[in-house]
Amino acid sequence: MTSLYEVQYHLKILEFSLLVLHFSRSDKQKGREGMKRNTSFSLLFFLSLLVIFFVTFSIISVEARKTNSMKKLHKRHKDSHSSNGHTRWSHSPCPTPTPRPYYGPQGSTFDVLSFGAKGNGVSDDSEALLAAWKGACKVAGATVKIPAQLKFLIKPVTLQGPCMPDLTLQIDGTLLAPPEASSWPKSSLFQWINFKWVQNFTIKGSGTVDGQGCNWWSSSEFYDIQVKLPQNHIQAIRFYSSNFVTVRDIRIINSPLCHLKFDNSNGIKVDNITISSPENSPNTDGIHLQNTHDVEIQRSIIETGDDCISIQTGCSNIHVHHINCGPGHGISLGGLGKDKSVACVSDITVEDISMKNTLYGARIKTWQGGIGMVKNVSFSRIQVYEVMFPIMIDQYYCDKQICKNQTGTVVISGVKFDKISGTYGMQPVHLACSNSIPCTDVDLTDIQLSPSAKYRGLQQTVCWNSYGKSQGPLLPSSIDYCLRSGGGLIKRIARSHDRVCY
């Protein structure tokens with residue numbers, strides 16, 4: 001291609017040639033042409049301009065034709081690529097690479113499917129749950145997601161903290177325990193899903209935690225395990241040494257034994273959950289509290305083969321309200337003081353409860369020979385329907401046919417039964433306090449209990465070694481004569497046992 005510099009070079013040569021021609025004329029010619037000098041010079045200058053214009057136009061025309069030919073060639077090349085189904089050229093001559101599949105968390109949500117879970121109810125998804133937990137544990141406000149409409153088989157696992165605050169386990173699908181007792185590792189018979197050292201943690205969702213306990217209850221191996229292990233030590237969900245925990249909205253069903261346990265924990269809230277197992281399923285407590293403080297359990301439905309709520313030693317400041325309980329064994333404090341152990345329970349409020357077809361209603365049970373104290377307990381506004389024993393204190397609790405009589409006892413003082421009404425199956429009030437140290441400050445207020453037409457239970461109440469007061473209206477009328485008055489010396493003896501706990 002001819003450049004602009006080459007054009008300028010040719011013009012300079014032409015201009016120099018004309019100047020040489022002009023100055024080479026002889027002096028003779030100058031003399032003869034004196035008169036015609038101006039005319040000749042003008043004609044020569046005009047011819048020079050024509051030559052310059054012609055040369056310049058020729059060069060430009062050639063360059064224009066070359067440029068146009070290159071454009072047409074380039075267009076044909078692009079059209080050829082387009083006709084073969086290829087993308088026209090862009091700034092990047094290479095195609096955009098296909099993104100690789102992403103298996104990590106989406107923001108602060110850690111879906112177990114993203115960590116390899118299958119969700120078919122058969123494959124073992126335990127490792128996926130653990131991986132999702134470990135990832136979420138490091139992120140403040142993170143969520144471990146169990147997606148809806150899928151079933152995840154989970155073997156016994158421990159989900160351990162401490163974690164960043166405000167961690168959530170969102171259960172919208174179903175978690176399944178191993179169905180056979182033999183498939184549980186011998187080292188993990190105490191709990192299925194164990195939460196340890198978690199703080200500011202929430203379990204919520206529309207899903208289900210299924211312990212698949214039906215095979216356990218009918219297995220002879222299960223009864224061998226119960227003999228070897230302490231009662232209620234197989235839990236579907238257990239929290240150990242955890243603070244500010246909320247469990248809400250989920251369903252927990254068919255645990256081999258206890259469904260939900262809090263041990264050595266503080267600041268617990270349970271709201272709007274459903275716990276369910278068959279009436280004949282053995283030792284399937286709903287909620288079990290031990291060495292735990294500052295608890296609220298509310299607006300929940302609990303149907304089990306044992307206590308709907310069991311409050312054990314080391315518990316204080318417990319508020320239970322608006323619970324539908326039954327079938328089951330009611331709401332119980334204890335058993336306390338087994339094997340001469342120390343038991344301390346205080347500041348318990350149970351109110352606005354509905355109990356239907358339960359063995360017991362509001363109950364305190366202690367073993368003979370125990371040490372410690374139960375104080376400041378209130379059961380109020382409880383509606384019972386065909387409950388066998390609506391009101392009970394039993395300081396001779398025994399889970400065998402015969403238990404040895406012992407003199408020591410867990411002292412009971414400051415217990416109120418208020419506004420308890422409905423129908424009973426066996427006995428309206430049963431207060432059997434220790435021979436060694438009576439129960440003191442027991443109040444029976446506004447009790448309205450009628451025998452069930454189905455069972456036609458006894459009208460007579462049982463009050464043994466119980467001190468306190470009763471206030472009407474009272475039904476049956478025998479309640480009015482149940483409690484002893486006075487007992488100043490007994491109260492002083494009872495307060496001396498308070499030092500063991502507080």
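## A tour by selection

Select Asp-347: this residue is partly exposed, with a relative accessible area of 38%. The model on screen is a predicted one. Asp-347 is found in strand S22, and its phi is positive, about 60°, although the residue is not a glycine. Most residues other than glycine have a negative phi.

Go to Asn-272 now. Its phi is also positive, about 60°, and Asn-272 is not a glycine either. The residue sits in the loop between strand S15 (266-271) and strand S16 (274-276). With a relative accessible area of 36%, Asn-272 is partly exposed.

Two peptide bonds come next. Most peptide bonds are trans. Show the backbone from Gly-161 to Pro-162: the peptide bond is cis, with omega near 0°. Pro-162 belongs to the loop between strand S5 (157-160) and strand S6 (167-171). Then show Gly-334 and Gly-335, where the peptide bond is cis with omega near 5°. Gly-335 is in strand S21 (residues 331-336).

Select Thr-358, in the loop between strand S22 (342-356) and strand S23 (360-366). Is Thr-358 buried or exposed? Its relative accessible area is 1%, so Thr-358 is buried. A polar atom of its side chain lies 2.8 Å from the backbone oxygen of Tyr-360. Beyond its neighbours within four places in sequence, Thr-358 is in contact with several residues, including Cys-325, Pro-327, Glu-386 and Met-388.

Now display the cysteines. How many disulfides does a search of the whole structure find? The search finds 6. With the bonded cysteines numbered in sequence order, the pairing is 1-2, 3-4, 5-12, 6-7, 8-9, 10-11.

Zoom to Cys-137 and Cys-163, whose sulfur atoms are 2.0 Å apart in a disulfide. The torsion about this S-S bond is about -100°, so the disulfide is left-handed. The pair links distant parts of the chain, 26 residues apart: Cys-137 is in the loop between helix H4 (126-136) and strand S3 (143-146), and Cys-163 in the loop between S5 and S6. Cys-137 counts as buried at 12% relative accessibility, and Cys-163 counts as buried at 17%.

Move to Cys-398 and Cys-403, a disulfide with sulfur atoms 1.7 Å apart. The link is right-handed, with 80° about the S-S bond. Cys-398 counts as partly exposed at 24% relative accessibility, as does Cys-403 at 27%.

End at Cys-463 and Cys-482, joined by a disulfide with an S to S distance of 0.9 Å. Cys-463 lies in strand S29 (residues 462-464) and Cys-482 in the loop between strand S30 (466-475) and helix H7 (488-496), so the pair ties together parts 19 residues apart in sequence. Both cysteines, Cys-463 and Cys-482, are buried.

Key. Residues numbered from 1 in each chain as written. Predicted model: local features only at pLDDT ≥ 70, side-chain atom pairs only at ≥ 80, totals over all residues. Heavy atoms only, no water. Helix = DSSP H or I, 4+ residues; strand = E, 2+ residues; numbered from the N terminus. Buried < 20%, exposed > 50% of the residue type's maximum accessible area, 1.4 Å probe, protein only. Polar contact = N/O pair within 3.5 Å; in protein donor to acceptor, adjacent residues only side chain to side chain. Contact = heavy atoms within 4.5 Å. Disulfide = S-S within 2.5 Å.
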